[in-house]
Amino acid sequence: MNKDWWESPEFLHPGHAFCAGCGFIIAFRHILKVLGADTIVAITAGCLGTNSGFLPSSPIKVAGYNTPFASVAAAATGIRAALDARGNSLTQVIAVAGDGGTYDIGLQALSAAAERNENFIYLCYDNEGYMNTGVQRSSATPLGAWTTTTPEGKAGPKKDLPAIMMAHRIPYFATLTPAFPEDFLAKARQAEAIKGMRFLQLLSPCPPGWGIPSQATVKLARLAVQTRVFPLYEVYDGKRIILNLEPEKVPVKDYLRAQTRFRTLSDEEMEHVQKEVDFHWAELKARADWFASKADDAAL
Amino acid sequence: MKELLTGNEAVARGIGLARVEVVSAYPITPQTSVVEEVAKLCAAGKLKTRYIRIESEHSSMACTAAASMTGVRAFTATSSQGLAYMHEMLHWASGSRLPIVMVNVNRALGAPWNLWSDHSDSLSQRDTGWLQLYCHTNQECLDTLIQAFRLAETVLLPVMIVMDGFILSHTMEPVDVPRPEDVDAFLPPYEARYRLDPREPHVFNILADSRDFMRMRRQAHEDMNRAVELLEDIELEFQNTFSRSYGVLEAYLTEDAEVVLVGLGATCGTVKDVVDELRRQGFKAGLVRIRMFRPFPARKLREILLNQKKVAVLDQAVSMGAGGTLSQEVKQALFDDPHFRTREAPLVFSFITGLGGLDITPEMLERIFKETIHASGPQEEPCWMED
């Protein structure tokens, strides 16, 4: 992280209406700095949809377009097609949606755009629930989490969106958080450089939704990585997996107990979550190691 | 040059002639041959359009709207369930003031499943802020497509071109295909006044307070109302170049008529034959074919109908619990007359028929005219004509 980076132009005005400590808005500010002025943002319902401005002003300094909930990937497709039709291949198009607009209502349009390998970046800010409407469950809500529609804690596990995206064989998939800025910037820049569908999965701690203090966002995002709940990795063409960080294992309960949304989880249930996390980590690590050992295999 | 074309082929030709830059569409019967034809023309290099083979009609309109917002001429086509699936996006496109043109090939809405034409799909979208133009020949489909972009790009509202499924979409007729240079002169390249532009960045469709929101709705309403006269102006120019025009509505032998039938779409061709036949028999029948349904040309319709005694409305869609959709519109147009209370309005009879593609035969139309002539007044309930 150099001085030039911090001094590069900002594309988010101060005074936006996001919650203090929102994980997404930190990331959004940084990704706009990477992409620069020649960018069009497709926005959908959710935290960014409602906070993208109040007529006549917007905190976003680049061109932006709001589209209904289910349609951000289709809208980004249309923007890209129109730019291409006019011979403009330089302007970057980025679709931005929360986990509701990605995992749930927007999945059909996302899957189709991924299958067509549309040439835009998709940034999913995953705060693990419908936080903008006041904390309701989405299919990204993890096991046992309290929301207003799961007052007894969510029954099933979080939908495995990374696996779904990998199955589409898109050119680039990466997980990122606001807690590891160097890693974040490297991935944002990588996404910028690649053509075709690029998917960025951002873990976005949500102070009101998760029941954490506003100043704990970065700490929680870091804990998610350290406990291996949210591993940092990249996937090229849906196959080649690169683990960006192999943290010393911190117990998952440290992450869960830091949030009031998991207050009803018993020690036994936390142990179950630990096992799930260990299983997924082992699976990911084995695939990443296998690819690392085959690094020179041209057949891949 | 005259060619034998189906309605759907005529539409595909229109896309090329109008130099549409982005088409995003999903196949649905009976619109499917539009997307097939577009794919074929693109693959053969005869169409320079970007064609996105999208995964649903909701996405299709989202994609078309976003392309239009980015400043290109954008088009899509759909039918029936597909149009219903787009409903949310139809409001979005008109609210964003996007000059999109779409063809809707009429087909009944399920359940139960039905593949054939009635007007319930398009008429149930009447409040979405889209202009609606109903065609009655394949020639008119092609010509309307070219006129529609002029109209849409002037009022900054989307236009839905409506044509009866199978009756027009799959039936061949001789169509005079305009020369590209003539269309270019009539329809210059599109330059958007407002668009997504990184050099002049704006964020569109952000939250608006109630006052702004209501003001924007009123503006759109007033701009849409302007479209009646605007279409007439556009048609004058069209007539000069192509020697054809259609009007916002078409009055056929109405001046001395005892009964005027009001209808939409392809069936009006049959009605004209029936009017001719009835006049041979000594009955003074007439027809008003409403081409522009939104905005509703109420004043124009009143000019014709207020001198009539009896009006029969051919309703090919029903608003359940209220009656025929078109007859409601006709009655309201008459009621809206500032002199409504001081003059005698014609009696309006509603005949609901043709739902789910039920054949509307010349015999049935004759009966509609004759029953209207002989009846002293309309019943409280519309008349359902089932054979």
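Two strands are taken to pair if DSSP finds at least two bridges between them. Helices (H or I, at least four residues) and strands (E, at least two) are DSSP runs, numbered from the N terminus. By that rule, strand 2 of chain A and strand 9 of chain B pair in the parallel sense over two bridges. Within this pairing, A:Gly64 has B:Val203 in strand 9 of chain B as its bridge partner.

The model is predicted, so local features need pLDDT of at least 70 and side-chain atom pairs count only at pLDDT 80 or more, while totals for chains, interfaces and linings use all residues. Residues are numbered from 1 along each chain as its sequence is written, chains are lettered from A and ligands numbered from 1 in the order in which they are written, and side-chain values use heavy atoms, with hydrogens and water left out.

Nine strands make up an open sheet with mixed pairing, in the order 8(A)-7(A)-5(A)-6(A)-4(A)-3(A)-1(A)-2(A)-9(B). Strand 8 (240-243) of chain A and strand 9 (203-204) of chain B stand at the edges with a single partner strand each, so one side of each has no neighbour in the sheet. A:Leu203 in strand 6 of chain A is the bridge partner of A:Asp126. Helix 4 (residues 72-85) of chain A packs on this sheet, where it touches strand 1 (39-44), strand 2 (63-67), strand 3 (92-98) and strand 4 of chain A. Contact here means heavy atoms within 4.5 Å. The direction of helix 4 makes about 170° with that of strand 3 of chain A; axes are lines fitted to C-alpha atoms, for helices over the stretch in contact, and angles run from 0 to 180 degrees between N-to-C directions.

**The interface of chain A and chain B**

The size of an interface is often given as the accessible area lost when the parts come together. Between chain A and chain B about 3000 Å² is buried, and carbon and sulfur atoms give 66% of it. Buried area is the accessible area (1.4 Å probe) that two parts lose on being put together, summed over both. A:Leu55, A:Tyr65 and A:Arg86 supply 22% of the area that chain A buries against chain B, more than any other three residues. In contact terms, 42 residues of chain A meet 40 residues of chain B.

Three salt bridges are found across the interface, a salt bridge being a side-chain nitrogen of Lys or Arg within 4 Å of a carboxyl oxygen of Asp or Glu. A:Arg86 forms a salt bridge with B:Glu21. On the side of chain A that touches chain B, strand 1, strand 2, helix 4 and helix 6 (107-115) of chain A are the elements that give two or more residues. Helix 4 of chain A gives the largest share, ten residues.

Over all chains the structure holds 43 salt bridges. One of them joins B:Arg150 and B:Glu237. This pair links distant parts of the chain, with B:Arg150 in helix 7 (residues 138-155) and B:Glu237 in helix 9 (residues 210-242) of chain B, 87 residues apart.

| Salt bridge | N to O distance |
|---|---|
| A:Arg86 and B:Glu21 | 2.6 Å |
| B:Arg150 and B:Glu237 | 2.8 Å |

Six strands of chain B form an open sheet of mixed pairing in the order 10-12-11-14-17-18. Its edge strands, strand 10 (249-252) and strand 18 (383-384) of chain B, each pair on one side only. Strand 11 (residues 259-263) and strand 14 (residues 310-315) of chain B run parallel and are joined by four bridges. B:Val313 in strand 14 of chain B is the bridge partner of B:Val262.

**Backbone details**

Most residues other than glycine have a negative phi, and most peptide bonds are trans. A:Asn117 has a positive phi, near 55°, and lies in the loop between helix 6 and strand 4 of chain A. A cis peptide bond joins B:Thr29 and B:Pro30, with omega about 0°. Another cis peptide bond, with omega about -5°, joins B:Ala111 and B:Pro112.
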